[in-house]
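Here is a short briefing on one structure. Look at the ligand first, then at a pair of helices.

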Amino acid sequence: MSEVVKLERHDEIAIVTVDSPPVNALSAAVRRGIHECVKNAIADPAVKAIVLTCAGRTFIAGADITEFGKPPQPPGLAEVISELENSPKPTIAAIHGTALGGGLEVALGCHFRVAVKEAKLGLPEVKLGLLPGAGGTQRLPRAVGPELAVKMIVGGDPISASEALKQGLIEEIVEDRVQGGIAFAKKVLAEKRLLRKLRDDDSKLKAAKADRSIFTNAVQAMTKKARGLEAPFAAADAVGAAIDLPFDEGLKKEREGFLKLMNGDQSKAQRYAFFSEREAAKIAGVPEGTKPRNVARVAIIGAGTMGGGIAMSFANAGIPVTLIETGEEQLKRGMGVMQKNYEATAARGGIPADAPAKRMGLITGVVGLENVKDADLVIEAVFETMAIKKEVFTALDKYAKPGAVLASNTSYLNIDEIAKSTGRPQDVLGMHFFSPANVMKLCEIVRADKTAPDALTTAVAIARKIAKVPAVVGVCDGFVGNRMLAQRGKQAEKLLFEGALPQQVDAVVTKFGMPMGPFAMGDLAGLDIGWRSRKDRGIKSEIADALCEAGRFGQKTGKGYYKYEAGSRAPMPDPEVEKLIDETLQRLGRKKRVVSDDEILERMMYPMINEGARILEEKIAARPSDIDVIWLYGYGWPIYRGGPMFYADQVGLKHIADRLSFYAKETNDPSLEPAPLLKRLAAEGKTFASLAAANKAA
Ligand code: CAA
Ligand code: NAI
């Protein structure tokens, strides 16, 4: 008997149960276990039908991703699936939790599928830069038709059990996976149902065979946002093969596509991102077993851009929110923005029609800080001024209940200093959300000097609960993300003084895969904010200042580094800006030169990586992969490039250190000299990843 798969018999029904925590992934041991148990059940004359199910929190969640890239061990998944499909006795998958990837492929190999109401079924391989590699692209179109199969395989999102029932992916919804599976198996036997092998059933392919536009339209819709990614297109090709080729040839095509992707750079980066995200939720230096505090109600202070978005994120997760403002008018405006936002999403079909009312019902808008009294977590999102933040936290000390976690959403300010304005610094930390806060997934959790371990675990746990990706960072100006971004901003600006244009710089950055370049981003955020702050501090930035003096504040004035047509957010290069830059350079006596795209790319990326190295040295981030998570989920770093530190390892740290030294001299900028950590790793021929491995070993 296998350690991770067991075989039992209930009368004439064999129950094969996979029990391999945490998610019953298809490791070699699980594959072997299923294979053995099914073989024995088939051989046992007392067995008339076989139910495959899982113990623990979920049905099989897919192939064991940790085995990818290692020598394959028998039996292969295809062999296990084929055994279930060719079984002379009915095979039934009884699903709970999530049947994902290889897990759903195993279920598709069974003759029948039943699931509990809460179950989800999907083929998310594209999210790992892969395509389903064990028949999923051939069997799913036969189960649900190519249109939905494209949606599920190319998009990667799972569907609910009720949708699966409607589409014929499962035959029944059951109360209990084991009892329901047994009852269904008995029904199959009593009714002498024909054993349905999906491989032999082309009935749902007919429409798309006759009219290929059914398939091509679905592919077009699902690949619209797949810029730069290889997997969605390869996955679509594999589904196309299900329509065009006989089953076994389709399988062959799928296998080729899968192996090509698995050995490629993109999937390697995407698998790294998957594990990095999960690693980031593990807090370094917190005693094992530290339990998060209970959070039943949240108070958010400030109903502006960020406060509103944060409130929506909690309401979306069903957590009640008290939203606090200084006056009725500000409150009304904030509540109105959220309402409109929800209604627009509902109108697009993004949420059910009754969701706006339900979610707004969870947000209670009030005036006055004394209203924080019932909250277990308070998040402050008022103006970015230290004096105001301190005032708010002093008041929180008075009104918040004992043990409430007190968080600031500040972008740059020192959390240690904010904590000092309370008598309970152990409860204070940063929860730095990103704009728009109801959409962006990142939450930098800022650990201050005195933050208690359980306050920290509370922030991480609640961030995950509201579907954010938390990453713990230390206190410094701009924390991890904005601190690195500032280095890129500095170089972007310098490039304009050397002869590059905003559109050239932005084009290089977007070609790399970022959603936006630094100048388009500046226009979106508003150029006047920086201009005012420079004025206050007596600092000059001639080109940016000249733009603002000409009334070009960015998108909000229809002009900034670009021009914008009324009602449009699309940046258009503006000859007036080129003229303004030329005039500024002439006035300053600066000579233009031709700046190559290669130089732009290096100067956009390498200074950020250098800052990342400093951040690691200072232990502001515990792991290089935490920095990558921050860039993936807070700044739209292309997932197929893994994150800046992962990218640096691919490029080679020696090359990066050499180029930084070169630019430091060439542009007379000592801040570009490679950081000591980068220098050391480069000299030793090591990678940032080697640090993560060393930390784990410590
Ligand atoms: N292989 C190996 N480990 C896995 C895994 C997998 N497929 N899926 C999850 N894990 C691990 C996680 O790394 C995590 O480990 P740690 O606790 O050590 O960090 C643990 O299982 C729990 O995972 P989560 O924290 O993500 O738990 P969750 O409850 O929030 O989510 C889940 C569960 C929905 C299954 C989620 O883990 C998930 O989406 N997993 C990936 C599913 C997937 O992509 N499957 C397809 C794999 S590729 C494939 O199957 C190819 C093929 O066709 C053969
Ligand atoms: P905002 O100006 O849109 O909103 C601030 C709100 O706080 C206003 O509605 C104001 O009336 C309210 N407010 C001020 N003092 C208050 C008090 N004492 N009590 C209750 N409400 C009060 O500002 P925004 O953009 O939402 O920023 C808020 C915080 O979030 C700042 O610290 C900012 O640095 C940070 N942040 C902003 C991001 C952005 O992109 N806008 C991104 C990440 C963080």
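A helix axis here is a line fitted to C-alpha atoms over the stretch in contact, and the angle between two axes runs from 0 to 180 degrees between N-to-C directions. Keep that in mind for the helix pair below. The model is predicted.

- The shell around ligand 1 holds 26 residues.
- Arg 57, Ala 63, Gly 102, Glu 105 and Arg 278 come nearest.
- By class, the shell has 14 nonpolar, 5 polar and 7 charged residues.
- Strand S5 (98-100), helix H3 (102-109) and helix H12 (265-280) each give at least two residues to this shell.
- H12 supplies the largest share, 3 residues.

**Polar contacts of ligand 1**
- The side chain of Arg 57 has an N or O atom 2.7 Å from an oxygen atom of ligand 1.
- Glu 125 also faces an oxygen atom of ligand 1: a polar side-chain atom of Glu 125 lies 2.9 Å from that oxygen.
- Ala 63 uses its backbone instead, with an N or O atom 2.8 Å from a nitrogen atom of ligand 1.
- On its own, ligand 1 has 990 Å² of accessible area, and the protein covers 76% of that.

**A helix pair**
- Helix H25 spans residues 597-617, and helix H26 spans residues 624-634.
- The two helices pack with their axes 10 Å apart, at an angle of about 130°.
- Angles from 65 to 115 degrees count as roughly perpendicular and those over 145 as roughly antiparallel, so H25 and H26 are oblique to each other.
- The crossing of H25 and H26 is right-handed.

Note on methods:
Residues are numbered from 1 along each chain as its sequence is written. Chains are lettered from A and ligands numbered from 1 in the order in which they are written. This is a predicted model: local features need pLDDT of at least 70, side-chain atom pairs count only at pLDDT 80 or more; totals for chains, interfaces and linings use all residues. Side-chain values use heavy atoms; hydrogens and water are left out. A residue is near a molecule or strand if one of its heavy atoms lies within 4 Å of it. A polar contact is a pair of N or O atoms within 3.5 Å; within protein, one must be able to donate a hydrogen and the other to accept it, and residues adjacent in sequence count only if both atoms are side-chain atoms. Accessible areas come from the Shrake-Rupley method with a 1.4 Å probe; for residues, only the protein chains shown count as cover. Helices (H or I, at least four residues) and strands (E, at least two) are DSSP runs, numbered from the N terminus. Ala, Val, Leu, Ile, Met, Phe, Trp, Tyr, Cys and Pro count as nonpolar, Asp, Glu, Lys and Arg as charged, and the others, Gly among them, as polar. Angles under 35 degrees count as roughly parallel, over 145 as roughly antiparallel, 65 to 115 as roughly perpendicular and the rest as oblique. A crossing is left-handed if the near helix is turned anticlockwise from the far one by less than a right angle, and right-handed if clockwise.
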